[in-house]
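Colleague: I am new to this one. Can you walk me through the model, one question at a time?

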Amino acid sequence: MANNFDVLNRYLFEDLHARGELVQLDQSFKQIIQNHQYPDAVTSLLGELLAATCLLTATLKFEGEISVQLQGDGPVQYMVINGNHLQQMRGIANVTGNVSGNSLTELLGKANMVITISPKNGERYQGVVALEGETLAQCLEHYFMSSEQLDTKIWLFSDTKKMQSGGSLLQVVPDSDDKEQQLADFDHIAQLTNTIKADEVFELAANELLYRLYHEQRVMMFDPQPVSFVCGCSEDKCLTAIANIGREGIEQHLAEQGEIAITCDFCKTQYIFDNNKLQPLLNPN
Ligand SMILES: [Zn+2]
């Protein structure tokens, strides 16, 4: 079923004040973790964070970039997924201590979730939510409630053996004055969605899964959006970073090491610059 994966689906319940999203991830998740040796508990949370970022990104109504970061004082110092409106994602976890459990607190200690949204045109927005001994899904639900005043339910799944992750989001559509009806609709769909199982997320095609959950509802699906791993690192970006050291610094580094090597934290690609490759910086004319 992996062929149908790495896709985000958005849908509307036509007769109810509710909308939903479903994301199922395979290759994009594998590519994020493949060159890292994370403990299973870290891989699992990173998979949830990837699914969560895809769901969150799909709720944005503009072009731009998003970063969802968990930072704390536990063995995992931070964990971040960066993405954009094209659902191009990359991510990393920084593990500095011994991981001995898989709860948020055991992994991150006292921690915050920092969501940074940078629209192409417009002001950067940052929201911070404390991670207090709950699941990542619950923390995100709090974020939506506090930042957008929208009732939201989120389900996240991650499997370190299959190396797949996924999730679903359900949100009230506040398109009438009948707040009571909106919440009743939302609660009804939330109860149906609560029966969702990890195996279904990892094995069923999106339309089969939605049929299984909501076959009594009229569900209108929008065009699916592909999700991909895109690191975005490049030789040019490395050169820009090296230029910041200044000519003297570059020459000193070359004299000591013979080359300048930069490894991308995200995808672990190594870029090597010898004297020849650095000539544009050393002799710009
Ligand atoms: Zn990279």
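This is a predicted model: local features need pLDDT of at least 70, side-chain atom pairs count only at pLDDT 80 or more; totals for chains, interfaces and linings use all residues.

Colleague: Which aromatic pair does phenylalanine 13 form with tyrosine 214: stacked or edge-to-face?

Modeller: The ring centres of phenylalanine 13 and tyrosine 214 lie 4.8 Å apart. Their planes stand at 85°. Planes over 60 degrees apart put a pair in one class. The pair is edge-to-face.

Colleague: How many residues apart are phenylalanine 13 and tyrosine 214?

Modeller: Phenylalanine 13 belongs to strand β1. Tyrosine 214 belongs to helix α7, residues 206-214. The pair therefore links distant parts of the chain, and the separation is 201 residues.

Colleague: Is tyrosine 214 buried or exposed?

Modeller: Its relative accessibility is 3%. The cut-off for burial is under 20%. So tyrosine 214 is buried.

Colleague: What angle do the ring planes of tyrosine 11 and phenylalanine 13 make?

Modeller: Tyrosine 11 is buried too, at 1% relative accessible area. The ring centres of tyrosine 11 and phenylalanine 13 are 6.0 Å apart. This pair is edge-to-face, because the angle between the planes is 90°.

Colleague: Which residues form one aromatic cluster?

Modeller: Phenylalanine 13 pairs with tyrosine 214. Tyrosine 11 pairs with phenylalanine 13. The count of aromatic pairs comes to 4. The cluster is made of Tyr11, Phe13 and Tyr214.

Colleague: Over which ring does the charged end of arginine 90 sit?

Modeller: The charged end of arginine 90 is 3.7 Å from the ring centre. For lysine 277, the charged end sits over the ring of phenylalanine 273, 6.0 Å from its centre. The ring under arginine 90 belongs to phenylalanine 266.

Colleague: Now the pockets. What is the volume of the largest pocket?

Modeller: Rolling a probe the size of a water molecule over the atoms shows where empty space is left. For the largest pocket, the volume is about 500 Å³.

Colleague: Which residues lie closest to the centre of the largest pocket?

Modeller: The lining of the largest pocket has 26 residues. Elements that give two or more of them include β3 (64-72), β5 (88-95) and α8 (235-243). Closest to the centre are Asn82, Arg90, Cys231, Gly232 and Lys237.

Colleague: From which domains does the lining of the largest pocket draw at least three residues?

Modeller: By class, this lining has 10 nonpolar, 11 polar and 5 charged residues. At least three residues come from each of domain 1 (2-229) and domain 2 (235-282).

Colleague: Which residues lie nearest the centre of the second largest pocket?

Modeller: The second largest pocket holds about 340 Å³ of space. It is lined by 19 residues. Nearest its centre are Arg10, Ala58, Thr59, Leu60 and Lys61.

Colleague: On to the loops. Is glutamine 149 buried or exposed?

Modeller: Glutamine 149 lies in the loop between α4 (136-148) and β8 (152-159). Its phi is positive, about 50°, although it is not a glycine. The relative accessible area of glutamine 149 is 55%, so this residue is exposed.

Colleague: What is the relative accessible area of lysine 268?

Modeller: Lysine 268 sits in the loop between β13 and β14 (270-273). Its phi is also a positive value in a residue other than glycine, near 65°. Lysine 268 is partly exposed, because its relative accessible area is 40%.

Colleague: What distance separates the C-alpha atoms of cysteine 233 and valine 173?

Modeller: Cysteine 233 is found in the loop between β12 (228-229) and α8. It is partly exposed, at 23% relative accessible area. Cysteine 233 and valine 173 are 60 residues apart along the chain. Their C-alpha atoms are separated by 38 Å.

Colleague: Last one, on the whole chain. What percentage of the residues is buried?

Modeller: The protein chain has 10 helices and 14 strands. Its C-alpha atoms fill a box of roughly 70 × 45 × 35 Å along the principal axes. Of the 285 residues in the chain, the buried ones make up 48%.

Notes:
Residues are numbered from 1 along each chain as its sequence is written. Side-chain values use heavy atoms; hydrogens and water are left out. On a 1 Å grid over the protein atoms alone, a cavity is a set of points where a 1.4 Å probe fits but cannot get out, and a pocket is an open set with protein on both sides within 12 Å along at least five of seven lines; lining residues have an atom within 4 Å of a point. Grid points are joined across faces, edges and corners, and a volume is the space filled by probe spheres set on the points. Helices (H or I, at least four residues) and strands (E, at least two) are DSSP runs, numbered from the N terminus. Ala, Val, Leu, Ile, Met, Phe, Trp, Tyr, Cys and Pro count as nonpolar, Asp, Glu, Lys and Arg as charged, and the others, Gly among them, as polar. Domain bounds come from an automatic or database domain assignment. Rings of Phe, Tyr and Trp (its six-membered ring) pair if their centres lie within 6.5 Å; planes under 30 degrees apart count as stacked, over 60 as edge-to-face and the rest as tilted. Buried means under 20% relative accessible area, exposed over 50%, partly exposed in between (1.4 Å probe, protein chains only). A charge sits over a ring if NZ of Lys or CZ of Arg is within 6 Å of the ring centre and within 35 degrees of the ring normal.
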